[in-house]
Amino acid sequence: MGTPARTSVADDADIVRRILAHIDAGTTDEGDAWREPAENYLSPGRFADEMALLRSHPSVYLPSAAIPNPGDHTERMCFGVPLFAVRDRDGRARVFRNACRHRGMALVEGPGCAHALVCRYHGWTYRLDGTLSHVPHAEAFPDLDLSARGLVEVDSREVDGLIVIGPLDSPAPTADAAMAALSDGAPWRDKLLPATGLVAVRPAPRAMNWKVLVEQFLEGYHIRTTHKDTFYPLQYDDLNVVERFGPNSRITFPYRNIERLRDRPESTWSVDHRVTYVYHLFPNVIFATFPNQRLVITIDPVDIDHTTVTIYALVSPTVAERVSADPDAAANARDLLNEGGVEDNEMSEGVQRGLHAGANEFVEFGRHESALGHFHAVLDQRLAAVR
C-alpha cells in the first residue's frame, strides 16, 4: 500500500481556524474527483475479491466499552466469520472464533458476563483465556487432549478504546502496514477514551452494498437536501475539513454555533457541541463524535445488495449521570440522530436500487467528496497488491 502513514490530525484550534476561513470564503476542503465503476458495486466476482481482501487484513472489531469487565463477552459476525470477544481474568481483551471445539456450536450468543464459557449444547467448558477446562463424561473421548482443544484465538490488540483484530485468513502482503495504521490511536485517543459507558447496541440489516453504506458518512455535500429539517438547521451544507492518516480519514462537520468562537481568545476555544468528527477507520468502521455521545459503527458485508450495521453508543461517566437525571433530554438528542440516520439510509438504499437501473457506467464523486475517492483508491490499491 503506497499511502504514507500519518499518525496525527490537526488539533481542535486549527480545525476551528480552518472552518472559520471556509465560512468567510464560502469554500470547503477540496481534493481529487473520482469515478467509481458501477460494476464494482454489482459484480459478485468483485464482491468475492473484496471479502477475501477484508479477511486478509486487520480491522477494528469492537469498542473496548463493549466488554469493560472480566467475564464480559459479546459476539459479531465479521466478514462472514463468527467471532466473539471476551475480557479475561487479567483484564486482557481476547477474540476467538465463535465455535465450540466439540461439534462447532456457537459458544457465545449475544452479550453476557460469566466466570467461564459453557457450550449450551453438551456443556464443554472453557476458561476466559480460551483453554478447555471441562468435558462432561470425558471417558467417552479417550484420545482427547484438553490442552490442544482450546478455543481458536484470533490475533488482536487493544488500541485506545478499540479492539483491533488481525487477518482472519492468510495475511496479505499489505497486512502489516494496515495493522500499523490501526495500532496508533493518536488521531482518535482523546475523543474516544473518555466515553467508557456503553448505553446501546443496535444491529440492523441494510439493503445496500457495504461501500455505499461507508460512503454515506464521508461527505457533507448532501446536508441541505437530505437533512433539511434535521441536521441542516444546525450544520452547514457542503462545508467540511477532510484529513487523511494513512488509509484512514477524518471528516469534520461544523455546527453553526462555531461562529460564537470568533470573538473569544483562542486559548478558550472548545469544539465540544460545535463539530462532529467522523473517523473512517479503513476498511469498514466509522467512529463519530456527537454532543454527549460517541458512536462506533461496524459495517459487515453480506452480499452485493446487503450489509449488517451495528451501532455502539458510548458516553462518558459524567454524561451517564446527566442522562440518569434527565432522560427526556437524552431521548431528544437520540431522536435527532435516529431521524438523520433514517434519512441517510433512505438515500443509500435509493442509490443501491439505482445502481441496478443500468443508467450509469460509474458513480461520480466531486472534488468536495474527496474522502470517498480516498476510500476507493485505498481499496483498489490493496486489491491490486493481492492479485
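Biologist: How many cavities of 30 Å³ or more does the structure hold?

Modeller: Rolling a probe the size of a water molecule over the atoms shows where empty space is left. On a 1 Å grid over the protein atoms alone, a cavity is a set of points where a 1.4 Å probe fits but cannot get out, while a pocket is an open set with protein on both sides within 12 Å along at least five of seven lines; lining residues have an atom within 4 Å of a point. Grid points are joined across faces, edges and corners, and a volume is the space filled by probe spheres set on the points. The structure holds one cavity of 30 Å³ or more. The volume of the largest cavity is about 30 Å³, and its lining consists of Leu53, Leu54, His57, Phe282, Pro283 and Arg382.

Before we continue, please note that this is a predicted model, in which local features need pLDDT of at least 70 and side-chain atom pairs count only at pLDDT 80 or more, whereas totals for chains, interfaces and linings use all residues. Residues are numbered from 1 along each chain as its sequence is written, and side-chain values use heavy atoms, with hydrogens and water left out.

Biologist: Which elements each supply at least two residues of the lining of the second largest pocket?

Modeller: Helices (H or I, at least four residues) and strands (E, at least two) are DSSP runs, numbered from the N terminus. The elements in question are H6, helix H9 (327–355) and strand E20 (362–365). H9 gives the most, with six residues. The second largest pocket holds about 480 Å³ of space. Its lining has 22 residues, of which Glu215, Glu219, Val351, Val363 and Phe365 are the closest to its centre.

Biologist: Let us turn to helices. Which residues of helix H4 are buried?

Modeller: An α-helix has 3.6 residues a turn, so residues three or four places apart point the same way. A residue is called buried under 20% relative accessible area, exposed over 50%, and partly exposed in between (1.4 Å probe, protein chains only). In helix H4 (residues 175–182), the buried residues are Ala175, Ala178, Met179, Ala181 and Leu182. They cover an arc of only 160 degrees around the axis, and therefore lie on the same side of H4. The arc is that of the directions from the helix axis to the C-beta atoms.

Biologist: What do the buried residues of H4 pack against?

Modeller: Contact means heavy atoms within 4.5 Å. The buried residues of H4 pack against several elements, among them E2, E12 and helix H10 (370–386).

Biologist: How does strand E2 pair with strand E12?

Modeller: Strands of a sheet pair through backbone hydrogen bonds, either parallel or antiparallel. Two strands pair if DSSP finds at least two bridges between them. E2 and strand E12 (residues 162–165) run antiparallel and are joined by four bridges. Ser59 stands opposite Ile165 in E12. Strand E2 (residues 59–63) is mostly covered, since five of its five residues are buried.

Biologist: What is the order of the open sheet of three strands?

Modeller: The order is E7-E8-E9, with antiparallel pairing. Strand E7 (117–118) and strand E9 (132–134) are the edge strands, each pairing on one side only. Two bridges connect E7 with strand E8 (residues 125–126), and Thr125 in E8 is the bridge partner of Val118.

Biologist: With which residue does Arg46 form a salt bridge?

Modeller: Side chains of opposite charge can pair when their charged atoms come close. A salt bridge is a side-chain nitrogen of Lys or Arg within 4 Å of a carboxyl oxygen of Asp or Glu. Arg46 forms a salt bridge with Glu36, their closest N and O atoms being 3.9 Å apart. Arg46 lies in helix H3 (residues 44–55) and Glu36 in strand E1 (residues 34–37), so the pair ties together parts that are ten residues apart in sequence. Arg46 and Glu36 are buried. Glu36, Arg46, Glu50, Lys211 and Asp380 are linked in a network of salt bridges.

Biologist: Is Asn209 buried or exposed?

Modeller: Asn209 counts as buried because its relative accessibility is 1%. Asn209 is found in the loop between strand E13 (197–206) and helix H6 (210–215). Not counting residues up to four places away in sequence, Asn209 touches Tyr41, Ile304, Asp305, Thr307 and Gln352.
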